[in-house]
Amino acid sequence: MKYTRKLIRIDEDLCNGCGQCVPSCAEGALAIIDGKARLVAERYCDGLGACLGDCPTGALRVVEVEAEDFDPAGVEAHLAAQGRPLPGHMPTAEELRINAPARPGQARAGGCPGARGLTLTPCQAANQARTQAAAGAGALTHWPVQIRLVPPAAPFLKDADLLVTADCAPVACPSLHADFLPGRVLLLGCPKFDDAEAYVGRFTEIFRTNPPRSVTVLEMEVPCCSGLHRLVLEGLERAGAAAPVERVVLARSGEVIGRRSVAA
């Protein structure tokens, strides 16, 4: 039986057959065959993308496709046949269902600890004496925060003011928790290294399921970051949703160098 889930795809034009991705796949789903990296079997790939950072040419990416379900027992047998050790934690197929797109009105299911939805109580005490006066208390109220992981039907998205930010912004702007995050729901990602079309698709799902009250887009001044607000606008258009959108541009030193409303 096939499910819509995440799976590794390999661009053969970019792959140079170096093999650096093979040992980074703990499940043994990748191999060099005929001079190119190949997916040995769909059922061996968990779709988490641990191999992406070891590809020097960018030939690997994670896509959502109809594929065989992840098979932990099959992976164990496959690794045993190769004499390779088992991963420290073997996710079950049910845990990996967090990668499947949510149906309208339904939150994602699954057991992946890093992707489970949480409501958080902002920290008031950590490093308070040294930093709170300058930066304010932590204002994050939910989890997950990555654009690719946030379920479109998450309860924290209902009637929310969203803060969509490039993932470099919190590093550059030490006052983000005090100046931008209070009262807003954070969605964070990288428009350079992630799939822009996948972002548009996720924004469309979110805006269709939970139309926002407003969206503030926080971008860095660097060119690779400048299109994030356009992905948000396209998602609103595809979803048939309307909301005021503000674009804020940060310098690499952290100060705001541009701020304006953009057409929704």
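Student: Between which two strands does Asp159 lie?

Tutor: Asp159 lies in the loop between β6 and β7, where helices (H or I, at least four residues) and strands (E, at least two) are DSSP runs, numbered from the N terminus. The model is a predicted one, in which local features need pLDDT of at least 70 and side-chain atom pairs count only at pLDDT 80 or more, while totals for chains, interfaces and linings use all residues. Residues are numbered from 1 along each chain as its sequence is written, and side-chain values use heavy atoms, with hydrogens and water left out.

Student: Is Asp159 called buried, exposed or partly exposed, and what makes it so?

Tutor: A residue is buried under 20% relative accessible area, exposed over 50%, and partly exposed in between (1.4 Å probe, protein chains only). Asp159 has a relative accessible area of 46%, and therefore it is partly exposed. Its phi is near 50 degrees, a positive value in a residue other than glycine.

Student: What makes β9 a strand largely enclosed by the rest of the structure?

Tutor: Seven of the seven residues of β9 are buried, so the strand is largely enclosed. Ser214, Thr216, Leu218 and Met220 are buried on one side, and Val215, Val217 and Glu219 are buried on the other, which leaves both faces covered. In a regular strand the side chains alternate between the two faces of the sheet. β8 is mostly covered as well, with five of its five residues buried: Val185, Leu187 and Gly189 point one way, and Leu186 and Leu188 the other way.

Student: How do you know which strands pair with β7?

Tutor: Two strands pair if DSSP finds at least two bridges between them. Five bridges join β7 to β8, running parallel, and β7 and β9 also pair in the parallel sense over five bridges, so both links meet the requirement of the definition. Thr165 stands opposite Leu188 in β8 and opposite Leu218 in β9.

Student: Which hand does the crossover from β9 through α7 to β10 have, and what does that word mean?

Tutor: Six bridges join β9 to β10, and the two run parallel; the β-α-β crossover between them, through α7, is right-handed. A crossover is called right-handed if, with the strands pointing away from the viewer, the path from the first strand over the helix to the second runs clockwise.

Student: What makes a set of residues a nonpolar core, and which members of the largest one touch the most others?

Tutor: A nonpolar core is a set of buried Ala, Val, Leu, Ile, Met, Phe, Trp, Tyr and Cys residues joined through side-chain atoms within 4.5 Å. The largest has 44 residues, of which Leu157, Val164, Leu187, Phe203 and Phe207 touch the most other members. Elements giving two or more residues to this core include β7 (161-166), β8 (185-189) and α6 (196-209), and α7 gives the most, with six residues. Apart from this core lies another, of 22 residues, among them Leu7, Cys21, Cys55 and Leu60.
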